[in-house]
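Please look through the model below before reading on.

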Amino acid sequence: MAMKVALLGCGVVGSQVVHLVDEQSEELAARIGTPIEIGGIAVRRIDRARGVDPSLLTTDAMALVTRPDIDVVVEVIGGIEPARSLILAAIGAGKSVVTANKALLAEDGQTLHAAAREAGVDLYYEASVAGAIPLLRPLRDSLAGDRVNRVLGIVNGTTNYILDRMDSQGAGFTESLEEAQALGYAEADPTADVEGFDAAAKAAILARLAFHTQRVTAADVHREGITGVTAADIASAKAMGCVVKLLAICQRSEDDKSVGVRVHPVMLPVEHPLASVKEAYNAVFVEAASAGRLMFYGAGAGGTPTASAVLGDMVAVARNRLAGTSVAEGGHDTGLAVHDMGETITSYHVALDVADRPGVLSKVAEIFARHQVSIKNVRQEGRGEDAQLVLVSHPAPDAALSRTVDDLRGHDMVREVASVMRVETFSD
Ligand SMILES: NC(=O)c1ccc[n+]([C@@H]2O[C@H](COP(=O)([O-])OP(=O)(O)OC[C@H]3O[C@@H](n4cnc5c(N)ncnc54)[C@H](O)[C@@H]3O)[C@@H](O)[C@H]2O)c1
Ligand SMILES: N[C@@H](CCO)C(=O)O
Ligand code: NA
């Protein structure tokens, strides 16, 4: 018997799901052993939906998800409500769910997973992080026997596209964002991309899977976007042999009692594998105790790539149905707490416009020492009125580094703090 799908939302991703199911229907049926059939599509405006069979369209999403003939609900509306109520209603009615909705999973994944476990249905969400890249299944299944220590990811295509354009072509922020929007990468409200909310949601999902800690939500993630990144930061990074990337970083503490989860711009040495990720591509670098370093790379956004991940999950649900099973995510929780950004160990790059006078360097060094921050290297560029001191710190608690910068800002020998950014290196 065919597996009947209710599709919620027919935008950039949803329309491609319909297209791919249509295009590959025979092949999919042969591969799975049962056909996949779209039984209904919930849209906001019927007159706006294009390229789909009009007889499938409805504006009553709630009636669709609970319809008795529907087996699986695919949610590609996005946002918290009504997506959450629709998914919970679907699960309550015994339907498996496939979703691309990172915002919802990051805010309330625990509720959704608990409901799926209780109902004995599947809840899959591969498309929600890094779009087409197989990432969540490898973290959940392939690395189930390993111990992940750190995850570093470029998980937002829009911001990677903007930073890459600024770096490689000297393009402006606004024009680069408009290009990313035209290419279908940006969220409906691009603030979610450029202020790091989208990446923070993905970081929370990654931290949960990597460290088996159910409780991490987007609110636990320290978040800084890219709106403050200037041409001076990019030039400063270049001078150091680095590129600027917006990274999602999930890391165990040294004492293994907590995890840090953060999203912020980073200067990354050009030899780091993530530094070569251009345009809107995503990549996630995983450091695991036994597997070592792994990198997952590919298209993290766009209708067709994202629909590929959605279809993969639909096929997994179809196979589970045929096998008479469901693979609800475990409720096991390691209990690892999330520590504050201030306690996270980071390194800073600081460029200071200073007066080229005797004693400046020792004064600056004294301010670093006051906060127990050790300087890794320092160089001076220019002379006289235009002198710039560029310092890179050794790793230190982020709070100490941030207080160091505050004190530098307040000092009369420092005319301006031209650039401050964290530097990420390979861990040993
Ligand atoms: N576009 C991408 O590259 C991408 C990549 C990965 C994940 N996602 C996620 O996929 C989801 C969908 O993204 P998208 O880019 O297709 O967005 P989109 O805005 O293009 O599509 C969403 C569609 O849902 C419709 N909709 C809104 N409320 C509805 C309701 N109550 N009932 C029925 N339809 C409703 C909208 O009219 C719109 O057509 C989001 O969760 C997004 O974060 C998108
Ligand atoms: N707006 C997101 C879409 C993929 O989640 C991005 O730019 O990566
Ligand atoms: Na993915």
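A residue is taken to be near a molecule or strand if its C-beta atom, placed from the backbone, lies within 6 Å of it. This is a predicted model, in which local features need pLDDT of at least 70 and side-chain atom pairs count only at pLDDT 80 or more, while totals for chains, interfaces and linings use all residues. Residues are numbered from 1 along each chain as its sequence is written, and chains are lettered from A and ligands numbered from 1 in the order in which they are written.

By that criterion, ligand 2 is surrounded by Gly131, Asn156, Gly157, Thr158, Tyr185, Ala186, Glu187, Asp193, Asp198, Gly300 and Ala301. Sorted by class (Ala, Val, Leu, Ile, Met, Phe, Trp, Tyr, Cys and Pro count as nonpolar, Asp, Glu, Lys and Arg as charged, and the others, Gly among them, as polar), this shell holds three nonpolar, five polar and three charged residues.

Around ligand 1 there are 26 residues, of which Gly9, Gly11, Gly78, Ala100 and Ala301 come nearest. The shell of ligand 1 comprises 15 nonpolar, nine polar and two charged residues, and helix H1 (residues 12-23) gives the most to it, with three residues. Helices (H or I, at least four residues) and strands (E, at least two) are DSSP runs, numbered from the N terminus. Domain 1 and domain 2 each contribute at least three residues to the shell around ligand 1.

The domain bounds, which come from an automatic or database domain assignment, are 3-131 + 303-323 for domain 1, 138-299 for domain 2 and 342-423 for domain 3. The centres of domain 1 and domain 2, taken over C-alpha atoms, are separated by 27 Å. Their contact (C-beta atoms, placed from the backbone, within 7 Å) takes 15 residues from domain 1 and 17 residues from domain 2. On the side of domain 1 that touches domain 2, helix H5 (102-119) and helix H12 (303-323) each supply at least two residues, and H5 gives the most, with seven residues.

In helix H4 (residues 83-92), Ala83, Leu86, Ile87, Ala90 and Ile91 are buried, meaning that 20 or more other C-beta atoms, placed from the backbone, lie within 10 Å of the residue's own. Seen down the axis of H4, the buried residues fall within an arc of 130°, so they line one face of the helix; the arc is that of the directions from the helix axis to the C-beta atoms. These buried residues of H4 pack against strand S1 (3-8), helix H3 (61-65), strand S4 (72-75), strand S5 (96-99) and H5.

Technical notes
Two residues are in contact if their C-beta atoms, placed from the backbone, lie within 7 Å. A residue is buried if 20 or more other C-beta atoms lie within 10 Å of its own, exposed if 12 or fewer, and partly exposed in between; C-beta atoms are placed from the backbone.
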